Amino acid sequence: MSAAPAPHRPFAGYALALGAAASYGTSAVLIRAGLTRYGAPLNGITIALGVGVVALAPLAWRAVRVQGRGWRPGRTAVLFVLASGLSSLFGFGSNVLALSLLPVVVVTPISSVYPLITVLLVRLFLRHHERVTRRTVLGALLVVSGVILVTLARGAR
């Protein structure tokens, strides 16, 4: 049994995406500030992720209860979600370790080239669910180009 598709609410999607961008940007600065005072990147990763677990646990518990008795996710869905969690953990951990070695203004633009990876992976794994058009590829390339220009301009100072 698969979950029902989410209703089409583009405004909410855009608002949440902008909220994610603001949160990621804030997170990088806060992690860097914390690392300059705390010093231990692996401890910082553990504390940050622990806070995330504590903050999300009540929401996750409610979501499970809303599903009702006897609900079980499909095995494939669980594998994808677990792989996503590991990928997120590795990405966040790598970002924190990079922030312990380099300035935020260097790490953040480099880590922001992920749209190209996302477009490639969507093309490989979600081709039956989402279309990757030339505009999508061009948009990802423009985002990455902008990141490169900002990084180069920062280095030229």
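What does the secondary structure of the protein chain come to, in helices and strands? It comes to 6 helices and 0 strands, where helices are DSSP runs of H or I with at least four residues, strands are E runs of at least two, and numbering starts at the N terminus.

Some bookkeeping. This is a predicted model, in which local features need pLDDT of at least 70 and side-chain atom pairs count only at pLDDT 80 or more, while totals for chains, interfaces and linings use all residues. Residues are numbered from 1 along each chain as its sequence is written, and side-chain values use heavy atoms, with hydrogens and water left out.

Overall dimensions next. Along the principal axes, the C-alpha atoms fill a box of roughly 60 × 45 × 25 Å. Of the 157 residues, 11% count as buried, meaning under 20% relative accessible area with a 1.4 Å probe, protein chains only. Among contacts (heavy atoms within 4.5 Å) with a separation of 6 or more, 72% are between residues 24 or more positions apart.

Now the helix pairs. The axes of α2 (residues 41-67) and α3 come within 9 Å and cross at roughly 135 degrees; axes are lines fitted to C-alpha atoms, for helices over the stretch in contact, and angles run from 0 to 180 degrees between N-to-C directions. That makes α2 oblique to α3, since under 35 degrees counts as roughly parallel, over 145 as roughly antiparallel, 65 to 115 as roughly perpendicular and the rest as oblique. On the α2 side the contact includes Pro 41, Leu 42 and Ile 45, and on the α3 side it includes Phe 92, Gly 93 and Val 96.

How is α4 placed against α3? The axes of α3 (residues 75-101) and α4 (residues 104-111) come within 8 Å and cross at roughly 150 degrees, and the two are therefore roughly antiparallel. Here Asn 95, Ala 98 and Leu 99 of α3 meet Val 104, Val 107 and Ser 111 of α4.

Leaving out residues up to four places away in sequence, Leu 35 touches Ala 40, Pro 41, Val 96, Leu 99 and Ser 100.

Notes
Buried < 20%, exposed > 50% of the residue type's maximum accessible area, 1.4 Å probe, protein only.
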